[in-house]
Amino acid sequence: RVPEHIARLLASSIESVERLDVLLHLRSDPGHTFTARSVATALHISTHAVEHHLAILCGRGFLTVSIGSDLLYAYKRISPSIAQVLTELEALNRLRRADVVAALETRDGKDPVRAFANAFLIRKKGDNDA
């Protein structure tokens, strides 16, 4: 449902619907800078969550950050090939958001932190007969 190259970018670099929304919001106005609070207000997400997503996206090279009276974030084009994939992702998200969300949710099963946490789930005797 989602082309493989887009699914790879989602799984390797974006990882959540909120983070995708933050990235696409900043990408929609590449010449503009945003504060975490303005992004949080626009997307109806907590400022704390947006700050976390912005930090990760900066670390992965999708955004730049500058310091003014607040931290100011802006979209940064990484490479022509990634910019092209993001253009395709943006269009796919607009036309078939449910497919994009599903691709991100199926990725959750492969989350190493989740897998580690699941290793410590208490199971009743007989649940694991292997």
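Setting aside neighbours within four places in sequence, Asp99 touches Arg1 and Val2. Keep in mind as we go that this is a predicted model. Asp99 belongs to helix α6, which covers residues 97-107. Its relative accessibility is 16%, and because the cut-off for buried is under 20%, Asp99 counts as buried. There's a polar partner here too: the side chains of Asp99 and Arg96 make a polar contact at 2.6 Å.

Now let's move on to the helices α1 and α2. Two packed helices are described by the angle between their axes and by the distance between those axes. Helix α1 runs over residues 4-14 and helix α2 over residues 17-27; they pack at an angle of about 100°, and their axes lie 10 Å apart. That angle falls in the 65 to 115 degree range, so α1 is roughly perpendicular to α2. Who does the touching? On the α1 side you'll find Leu10, Ser13 and Ile14, and they meet Arg19, Leu20 and Leu23 of α2. Sorted by class, this contact between α1 and α2 has 4 nonpolar, 1 polar and 1 charged residues.

Last stop, Glu51. This residue sits in helix α4, residues 47-59. Is Glu51 buried, exposed or partly exposed? Its relative accessible area is 40%, and since that lies between the 20% and 50% cut-offs, Glu51 is partly exposed. For a sense of where it is, look at Ala40: Glu51 and Ala40 are 11 residues apart along the chain, and their C-alpha atoms are separated by 8.7 Å.

Key: Residues numbered from 1 in each chain as written. Predicted model: local features only at pLDDT ≥ 70, side-chain atom pairs only at ≥ 80, totals over all residues. Heavy atoms only, no water. Helix = DSSP H or I, 4+ residues; strand = E, 2+ residues; numbered from the N terminus. Buried < 20%, exposed > 50% of the residue type's maximum accessible area, 1.4 Å probe, protein only. Axes fitted to C-alpha atoms, helices over the stretch in contact; angles between N-to-C directions. Parallel < 35°, antiparallel > 145°, perpendicular 65-115°, else oblique. Contact = heavy atoms within 4.5 Å. Nonpolar A, V, L, I, M, F, W, Y, C, P; charged D, E, K, R; others polar. Polar contact = N/O pair within 3.5 Å; in protein donor to acceptor, adjacent residues only side chain to side chain.
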